[in-house]
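Here's a quick tour of one model, written for someone who likes to check side chains by eye.

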Amino acid sequence: MRGRDGRLTAYALHAGGVLRWTETRPGGPDWSGPDLFEVPHLTHLSLAQGADGYVHLLGRRSVPQKDGPPVVDVVHAIQYQSGRALNGWHSLGNPRKNTDQASGMGAPAGTVSPSGLVHFFVRTAAGGVMLRRDDKAGTWESWHNLNARGAEEGMAVTLGASGAVDLLVQGPGGAMRWRQAARDGKFSREEDMPVQMAPASVTSLETAPDRCTYYWTDPATGGVVAYRLGGWVIPLGGAPAEGPVSVLRAPLDGYDCTVLAHRDVDGHVMVAACGTENEGEGCGGHRPGCGRACLRPWRPTVPAGSWWR
């Protein structure tokens, strides 16, 4: 995450809590850290940043018990400025508290609207999807049931240019989608996407005003694919180990590009780039229509039409 002072901050899940590294000045190359923020029994971590630069850390915590299932809840902390301490971890509960389904709650995924409203979503043990959100005053609403069935681990949350949130949730034999009609409004169920996804591999990026491109790992080939509503599934190659590919939009040599990165099965970090919403044409001079993400020629040592390690 980039703070308001221009410095980048990196976070990682750790057995004892969360590790954090911070650039000593914008652009580096030196970093301070790692600093450990203790929160025992954290199993998952996700991040969301608001327009004010505040970084919201959302975690799934599972505290083992001597008798019975573990106590599972969502915990939340805020970093207001780069390199500063967190405001402290607070429990946001569990939508199935005090039931035998509480321990099956999935990992939270969230975003922050332009007004500062924090949204986060979790999957329930029964395959439902629940939403909870707060306002800038820190008052948390009650849980909202999105009436999903068969939800599996894997959510992609996208904040659009209009401030509306798009949610895609992996399911059996397809993906379920919800969208806000307006900023901070109610969520409506959209048409399902009949696609196959490897477990917990989906992510998304706004690639045009209020239009998302979704990326996931194809379970048949093991490679990354891209998809936009109304289009075709576009193969991008690569071979992610597990989890979603990381994506961002950035200008490269004056071109609007999408940069992708993932960890492969050998533990290497693999990077590629393609023209935004132009994945099928490739980049860096590779033949048109190849359907592969290609690194641009600003790295001449990398063959066009390939992922760079």
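The side chains of Asp73 and Ser91 are joined by a polar contact of 2.7 Å. Keep in mind that this is a predicted model. Asp73 sits in strand β6, which covers residues 71-79, and its side chain also makes a polar contact with that of Arg61, again at 2.7 Å. Here are the two pairs side by side:

| Side-chain pair | Polar contact |
|---|---|
| Asp73 and Ser91 | 2.7 Å |
| Asp73 and Arg61 | 2.7 Å |

So is Asp73 buried or exposed? Its relative accessible area is 9%, and because the cut-off for buried is under 20%, Asp73 counts as buried. Skipping residues up to four places away in sequence, Asp73 touches Gly59, Arg60, Arg61, Ser91, Gly93 and Met105.

Now for the greasy parts. The largest nonpolar core has 15 residues, and the members touching the most others are Phe121, Val129, Leu167, Val169 and Trp178. Strands β10 (129-133), β12 (155-159), β13 (165-171) and β14 (174-180) each put in at least two residues, with β13 giving the largest share, three residues.

Leaving out neighbours within four places in sequence, its contacts include Leu167, Val169 and Trp178. Val129 also contacts Val122, Leu146, Ala148, Ala151 and Met155, along with His144, Asn145 and Asn147.

Key
Residues numbered from 1 in each chain as written. Predicted model: local features only at pLDDT ≥ 70, side-chain atom pairs only at ≥ 80, totals over all residues. Heavy atoms only, no water. Core = buried A, V, L, I, M, F, W, Y, C linked by side-chain atoms within 4.5 Å. Buried < 20%, exposed > 50% of the residue type's maximum accessible area, 1.4 Å probe, protein only. Helix = DSSP H or I, 4+ residues; strand = E, 2+ residues; numbered from the N terminus. Contact = heavy atoms within 4.5 Å. Polar contact = N/O pair within 3.5 Å; in protein donor to acceptor, adjacent residues only side chain to side chain.
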